[in-house]
Amino acid sequence: MTPSFYDEGALVGVLTTQPLDRILDYKAPEGGCHLGAFVEVPLGPRKVIGVVWGPGKGDFDYAKVRSVMRVLDVAPMRDEMRTFLQRAADYTLTPMPAMLRLATRAPGLGDPPSMRKVYRRGASEPDRMTDARRRVLEFLHEYGDLSFTLKELAELSGVTSSVVKGLVKQGAVAEEDSPRDLPFPPLDPNRAGKDLTTDQAQAATQIGAAVASHAYGTTLLRGVTGSGKTEVYLEAVAACLKSGRQALVLLPEIALTAEFLKRVDERFGARPAEWHSGATMTERRRIWRMVGTGQAQLVIGARSALFLPYQNLGLIVVDEEHDTSYKQEDGVLYNARDMAVLRASLLGAQVVLASATPSLESWANAQSGKYKRLDLEARFGPAVMPTMQTLDMRSEKLPSHRWVSDALKRAVDQRLAAGEQAMLFLNRRGYAPITLCRACGHQVGCDQCDARMVEHRFLKRLMCHQCGETKPMPTTCPSCDAEDRMAPVGPGVERLGEEAVELFPDARVAVLSSDMYGSARALKAEIESIADGGADVIIGTQLVAKGHNFPNLTLVGVIDADLGLQGSDLRAAERTFQLMRQVAGRAGRAEKPGTALLQTYQPEHPVIRAILAGDEEGFWRAEAAEREAAGVPPYGRMAGIILSGPDVAQVFDAANALARNTAALAQVGAQVFGPAPAPIARIRGRHRVRLLVKAGKGVALQRAIAQWVGQLRLKGELRLAVDIDPQSFY
């Protein structure tokens, strides 16, 4: 049995975050250390962070073994967390140091507790107001009682530190000494929530009882858009907090959740911890520490919040569980929805998967009885589901520079005349997806990737959506040097916004796209403004389909409903169905009824017909039958193998070597397809080749793949990545 404490000088095995293939032996420090302790150890000339993972191997001269330098003043890693990281690593075939990096993504964990200067709104007004001072004060007003360091306040307000210091002298900003890491204010689960419908109350009662049982279980909470799923799972959060356990709510777009955080504040009387890429480094360290000591009861987070060191986690909610952003596509390749289920099973915790359009995987698990299923069939209050119909674009005689049909324009005009909002949806960022030379036909591509560069007229640049590379808009053709012959081809939301301004000259047009705003805060502010009536026509990408509530929005027009139906992606039909149903659900969420119009050149397509019919169960049954017949997920297993490197010949040689020796896979009945160039064959200068492994549902695929790829010796800059349960095939 592994001891839980190691005396001074005892050999301990330390897992570090460094890319090594083994656990290293060290001597326990003066005073000893616990199993799971976070420690600082010497590694060559450096000091690195690690975790005491168990006893040392002792296969090295004891006299030459170095000692742990110190034990960090943070809560030790719990046994369940170490088990979770190991199980997740085994499932995703990820090296353990990379998993540990996911679990320690907070700066300054080794820093001792200390005080710092923080700044908040003061009691006085400045004697003279400037634009810079106004930005600081408006920022502090927006964030209420929160305090910031001098650097954070200056950067987030877009001013210099001297502006803040000047406001301190005037008493308009207060400077205080504060511990670096403060507990989060307690949440009150006994505060009265909103009145629930009968269906909502029954669902909340069932989930609350499951949470109180302290046993593992997963519930698929399927509810039509606007049915009040959030209120149901907030009651589950309340039940979890009452039992003294912590709760986690995962959201697909955490940076856009101002409305959700307000609802949490109203329900529990305080704001939760927010864990996402937009959080400051100071706040990330605070959350990490407070979660580990139980002083953060509720975390609202992006997928990586799943790897925080919870002391007593009792509930994980995965909102919009079908959303593809839960799949991490670089670094550690994992699906947060599946990892949430794994972690809860180790904790004796409950999982709630909430969605109006569940993933086929979750639907199938509910059908088989693996998950419990609860349904909310009606919208909350007086709101009703929008009516949906197609606009057959084959009968429209649109000029080449137009994308809004006459029928859709008339529908928008009617809504504007009634003082209501309309949304035009196009799932393409930027101004135009292709920039073409009309003289020679050259399409401007990325220098580092095999991808066409997208024009972003708002930024006055071309951008690669694969690697982020940008370049100025060319005035002459890079291929034939022809002048003034470069032309945009196809629409993006920016171009659609231009068309909307021309078609509706008296309307206020707002374009919602993540790359058009300098910060998540600016995007939040724009969304709040639109919800308050600050725009008449909203142009949006899939960003607008993710849970936003615009009370006065009564019409959604989908510009290209066929966009997701092309290609060979096995999930194309599912994703199109989900996206169309979700974006249509933005309409008519208050008292006024809504309508969704889908522009399509394929009105007879089975997916389009299923969207219109609203027969979701019929769609899932048909889709499930096709997948089961083909033996693909969720009725079979798949894994992607991606080899990459700067030398295309070397990459193909390695891929062919793997394809020639598949004995390990053949033993479990797995098939190998490829190698073939990836659909995007070069990203950031690295050539990419894919192989696809397909196997039966019950196959122990990871062990076979590990043995198979283990025969390949990677040389130079050659890299291999394994994607278990791939969600995309780019």
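This is a predicted model: local features need pLDDT of at least 70, side-chain atom pairs count only at pLDDT 80 or more; totals for chains, interfaces and linings use all residues.
If you want to look at one pairing in detail, take β26 (residues 553-558) and β27 (residues 595-600), which run in the parallel sense and share four bridges.

Next, helices packing on helices. Two packed helices are described by the angle between their axes and the distance between the axes. Take helix α1 (residues 79-92) and helix α2 (residues 96-103): their axes come within 9 Å and cross at roughly 130°. That angle makes α1 oblique to α2. The crossing of α1 past α2 is right-handed. On the α1 side, the contact is made by Met81, Leu85, Gln86, Ala88, Ala89 and Thr92, while α2 supplies Met96, Met99 and Ala103. Sorted by type, the residues of this contact between α1 and α2 are seven nonpolar, two polar and no charged.

For a second pair, go to α6 (198-212) and helix α7 (residues 229-242). The axes of α6 and α7 come within 8 Å and cross at roughly 30°, so α6 and α7 are roughly parallel to each other. The crossing of α6 and α7 is right-handed. From α6, the residues involved are Gln200, Ala203, Ala204, Ile207, Gly208 and Val211, and they meet Glu231, Val232, Glu235, Ala236, Ala239 and Cys240 in α7. The contact of α6 with α7 divides into eight nonpolar, two polar and two charged residues.

Which helix is mostly covered, with seven of its eight residues buried? That's α11 (residues 360-367). Its buried residues are Leu360, Glu361, Ser362, Trp363, Ala364, Asn365 and Ala366. They pack against quite a list of elements: β10, α10 (336-347), β15 (350-355), β16 (372-376), α15 (572-584) and α17. After α11 comes Gly369, whose phi is positive, near 90°.

Glu361 in helix α11 is worth a stop. Is Glu361 buried or exposed? Glu361 has a relative accessible area of 13%, under the 20% cut-off, so Glu361 counts as buried. Leaving aside neighbours within four places in sequence, Glu361 is in contact with Arg337, Arg571, Glu574, Pro633, Pro634 and Gln727.

Most residues other than glycine have a negative phi, and most peptide bonds are trans. The bond from Pro633 to Pro634 is cis, with omega near 5°. Pro634 is found in the loop between α17 (616-630) and β28 (637-645). There is also a cis peptide bond joining Gly674 and Pro675, where omega is about 10°. Pro675 lies in strand β29 (residues 671-683).

As for phi, His214 is a residue other than glycine with a positive value, near 60°. You'll find His214 in the loop between α6 and β10 (217-223). His214 is partly exposed, with a relative accessible area of 40%. Asp484 isn't a glycine either, yet its phi is positive at about 55°. Asp484 lies in the loop between β22 (470-472) and β23 (486-489). How does Asp484 count in terms of relative accessibility, buried or exposed? At 69%, Asp484 is exposed.

How values were computed: Residues are numbered from 1 along each chain as its sequence is written. Side-chain values use heavy atoms; hydrogens and water are left out. Two strands pair if DSSP finds at least two bridges between them. Helices (H or I, at least four residues) and strands (E, at least two) are DSSP runs, numbered from the N terminus. Axes are lines fitted to C-alpha atoms, for helices over the stretch in contact, and angles run from 0 to 180 degrees between N-to-C directions. Angles under 35 degrees count as roughly parallel, over 145 as roughly antiparallel, 65 to 115 as roughly perpendicular and the rest as oblique. A crossing is left-handed if the near helix is turned anticlockwise from the far one by less than a right angle, and right-handed if clockwise. Contact means heavy atoms within 4.5 Å. Ala, Val, Leu, Ile, Met, Phe, Trp, Tyr, Cys and Pro count as nonpolar, Asp, Glu, Lys and Arg as charged, and the others, Gly among them, as polar. Buried means under 20% relative accessible area, exposed over 50%, partly exposed in between (1.4 Å probe, protein chains only).
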